[in-house]
Amino acid sequence: GSPEFMELEIRPLFLVPDTNGFIDHLASLARLLESRKYILVVPLIVINELDGLAKGQETDHRAGGYARVVQEKARKSIEFLEQRFESRDSCLRALTSRGNELESIAFRSEDITGQLGNNDDLILSCCLHYCKDKAKDFMPASKEEPIRLLREVVLLTDDRNLRVKALTRNVPVRDIPAFLTWAQVG
């Protein structure tokens with residue numbers, strides 16, 4: 001019979017924040033980066049979403065103050081990222097949904113035509129890039145033992161749907177405040 005349960009051994013090295021992580025917790029992400037303990041991996045789709053928010057494509061005036069707040073926070077996030085990428089921060093990288101790491105975000109339009117799934121799926125595919133499970137590495141020695149998967153990536157999100165999706169793919173998920181507490185930085 002197949003093992004009934006699975007254990008994730010989580011040794012965080014790669015942190016993948018979603019768009020709202022930058023909008024809501026930029027200072028915390030900056031602190032995680034400054035700790036030099038982790039590599040912040042920013043999906044290109046997140047940078048594209050932040051670009052869109054920073055430009056304020058929403059011309060809906062009824063959204064009013066809140067839309068402006070989000071726009072301002074997105075602008076700050078983009079400024080922060082551009083600055084850090086320009087200084088060649090070794091703990092920061094951008095990742096396309098096809099798994100290519102970018103040294104620079106100067107040219108960051110991504111062609112996602114022909115790719116299935118929404119933005120959540122694209123963010124998740126960036127996490128899965130760091131989950132290389134080879135069967136022989138995790139098959140238990142005896143069938144009483146659980147399957148153990150090593151995870152060096154943690155998805156940072158508050159989004160419930162994304163969290164559920166991640167967990168079904170065995171990707172560890174934390175919200176940023178919880179991760180900060182756990183990591184004891186900040």
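Strands, like helices, are DSSP runs numbered from the N terminus, with at least two residues needed for a strand and at least four for a helix. That settles what β5 stands for in this predicted model, where β5 gives the second largest pocket the largest share of its lining, 5 residues.

Staying with that pocket, its space comes to about 180 Å³. There are 13 lining residues, and the ones closest to the centre are Lys132, Asp133, Leu149, Leu150 and Arg151. Two elements, α5 (135–138) and β5 (147–156), each put at least two residues into the lining.

On to the helix packing, starting with α1 and α3. Helix α1 covers residues 19–34 and helix α3 covers residues 64–86; the two pack at an angle of about 25 degrees, their axes 9 Å apart. Angles under 35 degrees count as roughly parallel, so α1 is roughly parallel to α3. Their crossing is left-handed. On the α1 side the contact uses Phe22, Ile23, Leu26, Ala30, Leu33 and Glu34, while α3 brings Val70, Lys73, Ala74, Lys76, Ser77, Phe80, Leu81 and Arg84. Sorted by class, that makes 9 nonpolar, 4 charged and 1 polar.

Helix α3 also packs against α2. Here the axes of α2 (residues 44–55) and α3 come within 7 Å, crossing at roughly 130 degrees, and α2 is therefore oblique to α3. This crossing, too, is left-handed. From α2 come Ile47, Leu50, Asp51, Leu53, Ala54 and Lys55, and they face Val70, Gln71, Ala74, Arg75, Ser77, Ile78 and Leu81 of α3. The tally for this contact is 8 nonpolar, 3 charged and 2 polar residues. Val70, Ala74, Ser77 and Leu81 of α3 turn up in the contact with α1 and again in the one with α2.

Helix α2 has a further partner in α4 (residues 119–128). Their axes come within 8 Å and cross at roughly 140 degrees, which means that α2 is oblique to α4 as well; roughly antiparallel would take an angle over 145. In this contact Ile45, Val46 and Glu49 of α2 meet Asn119, Leu122 and Ile123 of α4. By class there are 4 nonpolar residues, 1 polar and 1 charged.

Note on methods. Residues are numbered from 1 along each chain as its sequence is written. This is a predicted model: local features need pLDDT of at least 70, side-chain atom pairs count only at pLDDT 80 or more; totals for chains, interfaces and linings use all residues. Side-chain values use heavy atoms; hydrogens and water are left out. Axes are lines fitted to C-alpha atoms, for helices over the stretch in contact, and angles run from 0 to 180 degrees between N-to-C directions. Angles under 35 degrees count as roughly parallel, over 145 as roughly antiparallel, 65 to 115 as roughly perpendicular and the rest as oblique. A crossing is left-handed if the near helix is turned anticlockwise from the far one by less than a right angle, and right-handed if clockwise. Contact means heavy atoms within 4.5 Å. Ala, Val, Leu, Ile, Met, Phe, Trp, Tyr, Cys and Pro count as nonpolar, Asp, Glu, Lys and Arg as charged, and the others, Gly among them, as polar. On a 1 Å grid over the protein atoms alone, a cavity is a set of points where a 1.4 Å probe fits but cannot get out, and a pocket is an open set with protein on both sides within 12 Å along at least five of seven lines; lining residues have an atom within 4 Å of a point. Grid points are joined across faces, edges and corners, and a volume is the space filled by probe spheres set on the points.
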